[in-house]
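Let's walk through this model together, from a single side chain out to the whole fold. Have the viewer open and follow along.

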Amino acid sequence: MVANRQGLAGPQPRAGSLDDAFVQAIATPAGELAARARAGVLAMVFDLDAWRAWRPAARALLDGAENARVERLRHAAHRDALAMTYALHRLLLARVLGQAPREVAIQRDAKGCPRLPDDHWHTSLSHASGHAAFCVSRHGPVGVDLEPVARAAEVASIEERVLHPDDAARLATLQGVARGRALLELWVRKEALLKAAGIGLECDMEAFPAPLDAPLPLPGGRMAGRPSTLHAVDAGRGWVCALACPPGLVVSAMRVDGPPPAP
């Protein structure tokens, strides 16, 4: 079950820091965010371009390992997007965990996936073409992925590497644009499931099906066999987003379109 919230109506005051801007942009008390993550899964989608003026503040918020990962990227635009993604992730986790943003102990496994200490909390992130998505939960492994709809043609060209026989049967009657969109949605669901499993693309996508709202075993890795369910998340027009989480959880999804103006 997914509960979507689209926020950010009305005037927004000037903020003195990125942390202030984040708090005002989401317009939801920290206690409520934490309650949603404890009760089910909290998901947020951000338009990174709307946070452009906050890029210097984002870099200052990151730890050494995060800044090193950012600096390894070749293009300045990619570095800026990753830095803002990491900063917003820190700010979200800080609100949920009741910590200062720089105190959040974000670790990364061998695949680069974010992990929180002792697996008491679970989180995932995705960023693509100026957008970022995050999720956090107390209940078990989660994964999130998003892509622009413009990538549908690209995925359609490699559908034999995406379709399990069960998927092929469900898509058999679709052609053209509708088929491309369905393939992209399938790709995003499978990416989310693989992130929840913690194995990235080690498992071929055509090896497992990925229907919505049905319990599935996580493929491979230390989480292999644990049940997970896939949900579609509203990321706005022109975007496809999916989330994987333990079955039976309510997904509370928020789309955050922009912050207050930078000082």
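We can begin with Arg90, which counts as buried because its relative accessibility is 1%; buried means under 20% relative accessible area, exposed over 50% and partly exposed in between, using a 1.4 Å probe and protein chains only. A word on the source: this is a predicted model, in which local features need pLDDT of at least 70 and side-chain atom pairs count only at pLDDT 80 or more, while totals for chains, interfaces and linings use all residues. Residues are numbered from 1 along each chain as its sequence is written, and side-chain values use heavy atoms, with hydrogens and water left out.

What does the side chain of Arg90 make a polar contact with? Its partner is the side chain of Asp63, at 3.0 Å. The side chain of Arg90 also reaches the backbone oxygen of Pro101, at 2.7 Å. A polar contact here is a pair of N or O atoms within 3.5 Å; within protein, one must be able to donate a hydrogen and the other to accept it, and residues adjacent in sequence count only if both atoms are side-chain atoms. Setting aside neighbours within four places in sequence, the residues in contact with Arg90 include Leu61, Leu62, Glu66, Val104 and Ile106, where contact means heavy atoms within 4.5 Å.

Arg90 belongs to helix H5. Helices (H or I, at least four residues) and strands (E, at least two) are DSSP runs, numbered from the N terminus. H5 covers residues 76-97, and its 22 residues reach 31 Å from first C-alpha to last, close to the expected 32 Å at 1.5 Å a residue; the expected span is 1.5 Å times one less than the number of residues. After H5 comes Gly98, with a positive phi near 70°.

H8 is mostly covered, with 17 of its 22 residues buried. Just after H8, Gly198 takes a positive phi of about 75°.

Now for the aromatic rings. The structure holds three aromatic pairs. Phe46 and Trp51 form an edge-to-face pair, 6.0 Å centre to centre with 65° between the planes. Rings of Phe, Tyr and Trp (its six-membered ring) pair if their centres lie within 6.5 Å; planes under 30 degrees apart count as stacked, over 60 as edge-to-face and the rest as tilted. Phe46 and Phe134 are also paired edge-to-face, at 5.7 Å and 65°. Phe46 lies in strand S2 (residues 41-47) and Phe134 in strand S6 (residues 131-137), so this pair ties together parts 88 residues apart in sequence. Phe46 is buried at 0% relative accessibility, as Trp51 is at 0% and Phe134 at 0%. Ring pairs link Phe22, Phe46, Trp51 and Phe134 into a cluster.

Finally, step back to the whole chain. Its secondary structure comes to eight helices and 11 strands. The radius of gyration is 18 Å, close to the 18 Å that the globule rule gives for 263 residues, so the chain is as compact as a globular protein of that length; the radius is taken over C-alpha atoms, and the rule is 2.2 Å times the number of residues to the power 0.38. Of the 263 residues, 51% count as buried.
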